[in-house]
There are 2 protein chains.
Amino acid sequence: MDKKIIKGNFIFSKNLNNLSFLENTHLLINDGKILDIFKEVPTKYKNLNILDFKNKIIIPPFVDLHLHAPQYAMRGLGMDKELLDWLNTYTFKEENKFKDIGYAKRIYNEFAKDLIKHGTLRAVIFATIHKKSTEILFEVLEKYGLETYVGKVNMDRNCPEFLKENTEKSLKETEELILNYKNNKKSKPIITPRFAPTSTQKLLKGLGELAIKYNIPIQSHLSENQKEVKWVKELYNHNYSEVYNENNLFGQTPTLMAHCIYLTKKGIELMKNNRVIAVHCPQSNVNLASGIMPVRTLLNEGLNIGLGSDIGAGHSIAIKRSMVMAIELSKLIYKDNKNLKPLSTEEVFFMATKGSDFFGKIGEFNVDFSFDALIIDDSNLGTTELTLKERLQRFIYIGDDRNIIKRYLNGKEINF
Amino acid sequence: MDKKIIKGNFIFSKNLNNLSFLENTHLLINDGKILDIFKEVPTKYKNLNILDFKNKIIIPPFVDLHLHAPQYAMRGLGMDKELLDWLNTYTFKEENKFKDIGYAKRIYNEFAKDLIKHGTLRAVIFATIHKKSTEILFEVLEKYGLETYVGKVNMDRNCPEFLKENTEKSLKETEELILNYKNNKKSKPIITPRFAPTSTQKLLKGLGELAIKYNIPIQSHLSENQKEVKWVKELYNHNYSEVYNENNLFGQTPTLMAHCIYLTKKGIELMKNNRVIAVHCPQSNVNLASGIMPVRTLLNEGLNIGLGSDIGAGHSIAIKRSMVMAIELSKLIYKDNKNLKPLSTEEVFFMATKGSDFFGKIGEFNVDFSFDALIIDDSNLGTTELTLKERLQRFIYIGDDRNIIKRYLNGKEINF
């Protein structure tokens with residue numbers, strides 16, 4: 001049997017408000033799953049090898065619920081623009097390069113390696129409109145063993161001609177990708193209209209039909225920017241959330257909506273009733289001067305919230321950095337409204353490692369969970385004579401990819 | 001003679017609004033100063049060795065105008081508190097450890113090395129109240145060849161007993177340190193009342209007298225937090241800036257004031273008239289939920305502004321990170337007031353490399369300037385087929401200490 005024992009200091013979230021700590025504990029791993037947990041190894045397992053990580057800390061891998069793989073190569077560029085300008089001046093030009101599958105191969109490999117390096121082993125990813133380079137992205141991610149959802153972008157209006165799709169072709173290619181990849185174990189398809197303003201009504205309707213026909217999840221952008229919200233109103237004469245909802249793109253299958261800064265009361269209600277997950281992308285939101293997601297308010301309303309690096313509007317692929325920024329922005333809200341408590345380390349860690357269960361029940365060092373882990377060596381960050389919580393907090397604030405010395409997904413080591 | 005030629009792509013600021021680029025250019029360095037600049041090496045220098053950095057980019061080192069060396073070891077801890085709570089729960093306890101000179105030696109060495117690693121070769125630093133460990137800090141910084149100002153902290157009320165100084169002793173020790181170090185070439189003394197609330201009137205008066213007697217610069221904190229501003233009003237029944245000003249601690253000698261978030265109109269006027277430099281510490285300001293310095297407004301008013309990491313309330317010692325955060329926070333202000341333009345890459349680069357001339361005329365690759373430089377290898381950040389400005393911007397946003405491959409101050413390589 002494929003049994004092994006891993007020993008260390010495990011930290012994980014069971015819920016939004018509490019961290020769990022297993023100090024100097026042994027996990028028995030069988031076929032990639034946690035079979036048992038014990039302080040002392042029982043006699044019957046004495047013959048098994050123990051992989052002992054000693055004083056290191058072990059946490060679940062990070063989950064990135066929103067990022068654009070084709071924007072990887074433009075990280076840190078064009079940061080002096082707002083959303084719509086930034087799209088037109090920089091982003092669309094870069095995405096157009098992905099008609100070249102050689103370019104796609106090179107950038108997507110670098111992208112996947114960098115995700116792994118930074119401990120993000122599960123991610124939900126926008127590709128471009130290009131079917132072939134989307135296939136390459138599937139293959140690259142599969143090769144590295146990451147668990148992902150990958151969406152070919154759909155976009156058939158209000159964008160440069162060179163990225164504007166024919167509606168029928170867009171739907172047909174999306175369906176082909178669904179059929180090709182829906183039975184994948186690791187990298188699966190997700191329906192990905194870029195956002196309402198770059199989609200015709202017909203495209204949205206067709207995508208919603210595909211979502212239901214094949215039971216495929218959905219990702220898009222929602223209420224990121226005040227101009228954009230106004231624009232959607234002009235285009236559809238309707239509430240932004242309702243535009244998606246009426247086309248079966250809002251929780252009819254599992255749905256992620258990035259940003260959610262300017263939701264109406266009705267929009268919040270709809271997200272909650274339809275169990276749509278809001279993805280907070282704090283770095284992107286400040287870089288594009290979009291605003292601050294009212295995370296505490298949305299949590300109080302009972303929404304599920306995850307985190308996204310939103311590469312390339314967010315510049316850092318490290319989810320750790322989004323965690324810190326989420327806390328920081330929540331403090332700016334708190335400063336002016338003492339009823340809206342800042343986010344805690346516990347809360348952002350929960351968001352960053354559980355990913356609102358979009359990937360199922362993950363992120364715990366508990367029996368029946370798959371063994372997914374990052375081994376953190378924090379010895380260069382200062383004394384380790386701290387509580388495990390303090391060491392975790394310090395790693396999140398001042399550590400970097402160099403502190404992550406091993407990565408596991410379903411019991412297998414992931415390398416880059 | 002000690003002449004050498006350095007070749008590369010040089011980027012620097014001459015003023016707030018423009019970057020200067022010297023592509024594939026040779027600098028002739030003599031005794032640590034730039035003697036000449038040329039595209040092609042003239043015949044008379046053909047015999048000199050050329051240190052050719054090829055396609056790399058070369059920028060001036062960073063200047064950190066506000067940070068606390070004794071808080072280095074607590075970076076990333078206690079980030080769930082506001083200023084006054086954070087001081088009492090975490091900071092004062094950590095600073096108390098510096099009565100132990102063994103501890104001081106260890107931490108101050110780590111601190112100095114980390115500054116160098118991140119390209120900060122000039123810094124203005126708070127020590128603790130302890131004279132002996134302040135001397136150690138002077139020695140460590142001198143050993144590594146950094147240019148700094150170091151201040152023994154003065155604090156004689158409203159703090160824990162274990163850090164409360166006797167006023168006379170505080171002044172006496174400060175004077176002794178001034179006499180010992182004022183003729184240093186590299187690390188010089190600076191007068192450092194922690195801030196008005198932890199100083200008696202008598203202490204402030206005495207420190208102002210020392211500043212004038214020995215012509216020593218001054219650093220402190222000003223208007224960081226709304227509670228603090230109110231507290232100063234209660235203690236002194238006076239405007240915060242005036243408290244310093246009336247004690248000759250506000251521009252009577254060169255003065256740095258950290259934070260400056262909640263300045264009154266009168267306070268701004270006083271800073272301007274007295275040429276007091278405001279130090280923006282964006283990371284600290286969000287971590288402690290203090291607020292956002294109105295940088296654009298203060299620039300419009302004609303104030304000089306520099307940047308500070310404010311270790312340990314700021315968690316990252318990298319000034320690059322403060323530059324990005326300064327831009328990001330300015331975008332949050334801009335979002336609600338379109339008259340207050342976000343800070344540009346040019347502006348934050350100027351702040352980060354010129355340091356408001358607090359160290360004199362630095363930060364330019366121009367004749368008669370000392371040769372101070374960071375050699376940046378950005379080949380792992382993506383294509384280098386970009387403009388120099390784009391490469392600079394990308395390094396600032398997504399690079400880290402690994403991209404800095406060499407550091408020079410006054411023509412000498414600085415190692416750690």
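In chain A, strand β7 (residues 147-151) runs parallel to β9(A), and three bridges join them; strands are DSSP E runs of at least two residues, helices H or I runs of at least four, both numbered from the N terminus. Within this pairing, Thr148(A) stands opposite Ser187(A) of β9(A). The model is predicted, so local features need pLDDT of at least 70 and side-chain atom pairs 80 or more, while totals for chains, interfaces and linings use all residues. Residues are numbered from 1 along each chain as its sequence is written, chains are lettered from A and ligands numbered from 1 in the order written, and side-chain values use heavy atoms, without hydrogens and water.

Both strands belong to an open four-stranded sheet of chain A, ordered β5-β6-β7-β9 with parallel pairing (two strands pair if DSSP finds at least two bridges between them). Its edge strands are β5 (62-68) and β9 (187-189) of chain A, each pairing on one side only.

The whole structure holds 28 aromatic pairs over all chains, where rings of Phe, Tyr and Trp (its six-membered ring) pair with centres within 6.5 Å, and planes under 30 degrees apart are stacked, over 60 edge-to-face and the rest tilted. Tyr149(A) and Phe358(A) form an edge-to-face pair, at 5.1 Å centre to centre and 70° between the planes. Tyr149(A) lies in β7 of chain A and Phe358(A) in the loop between α12 (345-354) and β15 (373-376) of chain A, 209 residues apart. Tyr149(A) is buried at 14% relative accessibility, and Phe358(A) is buried at 9% (buried is under 20% relative accessible area, exposed over 50%, partly exposed in between, with a 1.4 Å probe and protein chains only).
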